[in-house]
Amino acid sequence: MAQSQNTPARGRPPVITRERIANAGIEMGLPNITFVGLSASLGVSHMALYKHVPSLKELKRLVAEEIFQRWEIPKVCGKGKDDLKDHLVALVTSLQDLVKSNPGLPPYLLGRSASTPQITAKIGEHHKQVADVYGIPENRARWIVATVAFHCIAVADTIYSAAENDSGLELGHVADEAEVEAEFSQGMNALIVGALFILNKNDDRVS
């Protein structure tokens with residue numbers, strides 16, 4: 001009597017979702033993402049991943065967009081322009097941490113060609129909230145938030161990418177990192193004070 005052959009049961013192939021792609025990409029880090037590496041992390045073939053994302057450029061944009069969407073912008077709250085400084089300081093602190101924790105993200109926040117409609121929409125909604133809560137025109141809210149955020153992201157990227165690339169800036173020592181970040185904070189506070197002065201000066205001219 002012939003023995004029946006036991007064939008191993010085949011499970012369903014792993015499901016490729018935006019969330020799983022983003023989680024794997026965030027864990028790898030934007031600069032390190034490759035199709036082969038990310039597909040291996042998902043347990044799928046790189047050809048299967050290609051069916052969901054057409055290029056490495058789009059793959060990185062997807063991950064960058066998801067990082068930004070998951071980031072919680074500090075709450076816009078207060079009674080008027082006197083509280084705007086506190087919000088800008090909180091924004092700087094949060095953006096600094098976002099850049100530090102996600103190497104490779106700044107180009108997607110600073111460059112229009114690299115950004116996505118979803119990133120742009122989230123930024124625009126924040127500008128509108130700042131205008132509404134602090135009682136300033138939306139174009140001025142956009143100016144002051146964009147000015148502070150741009151310089152924060154650019155300087156933070158310079159600091160942390162230099163350390164990451166071992167280009168002479170050693171932030172491995174706690175004392176060195178604390179000193180650099182203290183100077184960064186001082187510079188950003190000076191920028192915020194100056195930007196608020198310009199904003200208030202322009203308002204005085206209008207009134």
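Visitor: Is E65 buried or exposed?
Guide: E65 counts as buried, at 9% relative accessibility; buried means under 20% relative accessible area, exposed over 50%, partly exposed in between (1.4 Å probe, protein chains only). Keep in mind that this is a predicted model, where local features need pLDDT of at least 70, side-chain atom pairs count only at pLDDT 80 or more, and totals for chains, interfaces and linings use all residues. Residues are numbered from 1 along each chain as its sequence is written, and side-chain values use heavy atoms, leaving out hydrogens and water.

Visitor: Which residue forms a salt bridge with E65?
Guide: R18 does, with the closest N and O atoms 2.5 Å apart. A salt bridge here is a side-chain nitrogen of Lys or Arg within 4 Å of a carboxyl oxygen of Asp or Glu. The pair links distant parts of the chain, with R18 in helix α1 and E65 in helix α4, 47 residues apart. R18 is partly exposed, at 37%.

Visitor: What about helix α2, which residues are buried there?
Guide: In α2 (residues 35-42), F35, L38, S39 and L42 are buried. They fall within an arc of 100° seen down the helix axis, so they line one face; the arc is that of the directions from the axis to the C-beta atoms. Helices are DSSP runs (H or I, at least four residues), numbered from the N terminus.

Visitor: And which exposed residues does the face turned away carry?
Guide: V36 and A40.

Visitor: What comes after α2?
Guide: G43, whose phi is positive, near 80°.

How values were computed:
Helix = DSSP H or I, 4+ residues; strand = E, 2+ residues; numbered from the N terminus.
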